[in-house]
Amino acid sequence: MKKLSITTLLVSAAVALAIPASAQQNPTVGGAPMLVERNIVENAVNSPVHTTLVAAVQAADLAGTLSGPGPFTVFAPVNDAFTMLPAGTVDTLLMPENKGQLTSVLTYHVVPGKLSGPELLRRANAGGGEAQLTTVQGGTLTVVPSGRGVAVTDSNGTTSVVTTADVNQSNGVIHVVNRVLLP
C-alpha cells in the first residue's frame with residue numbers, strides 16, 4: 001500500500017475545507033446533485049430515481065405549488081416504491097379523470113414547514129417514540145425512530161423508511177422514502 005506524505009494529507013484536507021458548505025451539506029439522489037439554491041421541483045426533475053413522482057406531480061398540476069416559497073417537507077417516494085403498488089395503480093392515478101385522487105395521494109406526502117431528519121427524530125423521541133404530522137392533504141403521518149434515522153407510517157399502516165434524509169431545497173427539504181404513503 002502506498003504511504004501518503006503529510007503534505008498530501010494536508011493538501012487533501014485543505015481542498016475538502018475549500019468546498020462550499022452547501023456542496024458538503026446536500027447528498028446526491030440517484031447520482032444527481034441536489035442543489036440547495038434550487039426548489040423542490042427543480043431538484044426532483046434532475047433525480048433519475050424520481051421520474052414517476054415528477055410525472056405524477058405534473059399530472060396533478062402541483063409543480064407550481066411545490067416550486068413556491070413553502071417551506072415544505074416532502075417525503076419523496078422513489079420509482080421502485082411506485083412499482084410496489086398493485087398493478088395498474090399508477091396508470092389509473094395518472095388518468096385525467098382521477099386527478100383529485102392523485103392530488104390527494106401526492107399532498108399526503110407533504111407537510112407544511114421544513115422538518116429536518118434530526119427534528120423529526122427529536123419530535124418522535126419527545127412523543128414517547130412517535131410523532132404525528134399533519135399533511136397538506138389533511139391526513140396524518142406517524143414518524144418513528146428507525147435504525148439511525150426515521151420511518152414514516154401512513155394511515156393504512158404502511159411503513160416507509162427514509163433512505164436519504166435532509167436533501168435541502170430553497171423552499172424546504174426532501175426526505176427520500178422507499179414506499180408510497182396512502183391516505
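Predicted model: local features only at pLDDT ≥ 70, side-chain atom pairs only at ≥ 80, totals over all residues.
1. The space within the largest cavity amounts to about 70 Å³. Its lining is made up of 13 residues, and those closest to the centre are Phe82, Leu85, Val90, Leu93 and Leu102.

2. Three helices each contribute at least two residues to the lining of the largest cavity: helix H4 (51–59), helix H7 (89–93) and helix H8 (99–107).

3. A separate point concerns threonine 153, which belongs to strand S7 (residues 149–153). Is threonine 153 buried or exposed? Its relative accessibility is 16%, and because buried means under 20%, threonine 153 counts as buried.

4. Leaving aside residues up to four places away in sequence, threonine 153 touches Leu141, Thr142, Thr158 and Thr159. With one of these, threonine 159, the contact is also polar: the side chains of threonine 153 and threonine 159 are joined by a polar contact of 3.0 Å.

5. Arginine 179 may also be placed relative to threonine 153. The two residues are 26 residues apart in sequence, and their C-alpha atoms are 9.7 Å apart in space.

Key:
Residues numbered from 1 in each chain as written. Heavy atoms only, no water. 1 Å grid on protein atoms, 1.4 Å probe; cavity = no way out; pocket = protein on both sides within 12 Å on 5 of 7 lines; lining within 4 Å. Points joined across faces, edges and corners; volume = space filled by probe spheres on them. Helix = DSSP H or I, 4+ residues; strand = E, 2+ residues; numbered from the N terminus. Buried < 20%, exposed > 50% of the residue type's maximum accessible area, 1.4 Å probe, protein only. Contact = heavy atoms within 4.5 Å. Polar contact = N/O pair within 3.5 Å; in protein donor to acceptor, adjacent residues only side chain to side chain.
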